Amino acid sequence: MPLLLIVLLFGVMYFMMIRPQQKRRREAQAMQSALGAGDEIVTIGGLHATVVAVDDEVVTVEIAPGVNARYARPAIARVLKQESAPVAEEAVVAEPAADEPVQSPVVETRKTKD
């Protein structure tokens, strides 16, 4: 009977701890291997950047315009895919009439001390 409990305990530990961890690791490796130029990423440190170039072990990202940094592939936490914006053929912008005052959508309310 005690041998059966030990085997049962190892079985539960495998399905509750080891198997989900292996699945997360496989998903992370698949995500990191699918990186390409133009992908928006978040590093494990929380840095948001855009991928410029991808090598075997190193990913070069653009942090700000003209500022590039190199990161190891495992440092990429997740990929934020860019949504392809539909191309508008001729966008018509409604212009306010000349005699109508332009109202700001921003409304500021402050409490005044009396």
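**Figure 1. Lysine 23 within helix 1 of the predicted model.** Helix 1 spans residues 2-33 and contains lysine 23; the coordinates belong to a predicted model. With a relative accessible area of 48%, lysine 23 is partly exposed. Lys23 contributes to a positive surface patch, whose other members are Arg19, Arg25 and Arg26.

**Figure 2. Nonpolar surface patch and valine 12.** Valine 12 also has its place in helix 1. The relative accessible area of valine 12 is 44%, so this residue is classed as partly exposed. Val12 belongs to a nonpolar patch on the surface, together with Leu5, Ile6, Leu8, Leu9, Phe10, Met13, Tyr14, Phe15, Met16, Met17 and Ile18. The accessible area of these residues together is about 1300 Å².

**Figure 3. Hairpin of strand 1 and strand 2.** Strand 1 (residues 40-43) and strand 2 (residues 48-54) run antiparallel and are joined by 3 bridges. Valine 42 has histidine 48 of strand 2 as its bridge partner. The hairpin has 4 residues between the strands. Within this hairpin, glycine 46 adopts a positive phi near 95 degrees.

**Figure 4. Pairing of strand 1 with strand 5.** Strand 5 comprises residues 76-80 and pairs with strand 1 in the antiparallel sense, over 4 bridges. Isoleucine 41 has valine 79 of strand 5 as its bridge partner.

Methods. Residues numbered from 1 in each chain as written. Predicted model: local features only at pLDDT ≥ 70, side-chain atom pairs only at ≥ 80, totals over all residues. Heavy atoms only, no water. Patch = residues over 30% accessible without salt bridge, like charges linked within 9 Å, V, L, I, M, F, W, Y side chains within 5 Å. Areas by Shrake-Rupley, 256 points an atom, 1.4 Å probe, with all protein chains shown as cover. Salt bridge = Lys/Arg side-chain N within 4 Å of Asp/Glu carboxyl O. Lys, Arg positive; Asp, Glu negative; His and termini not counted. Charge placed at Lys NZ, Arg CZ, Asp CG, Glu CD. Helix = DSSP H or I, 4+ residues; strand = E, 2+ residues; numbered from the N terminus. Buried < 20%, exposed > 50% of the residue type's maximum accessible area, 1.4 Å probe, protein only. Pairing = 2+ DSSP bridges.
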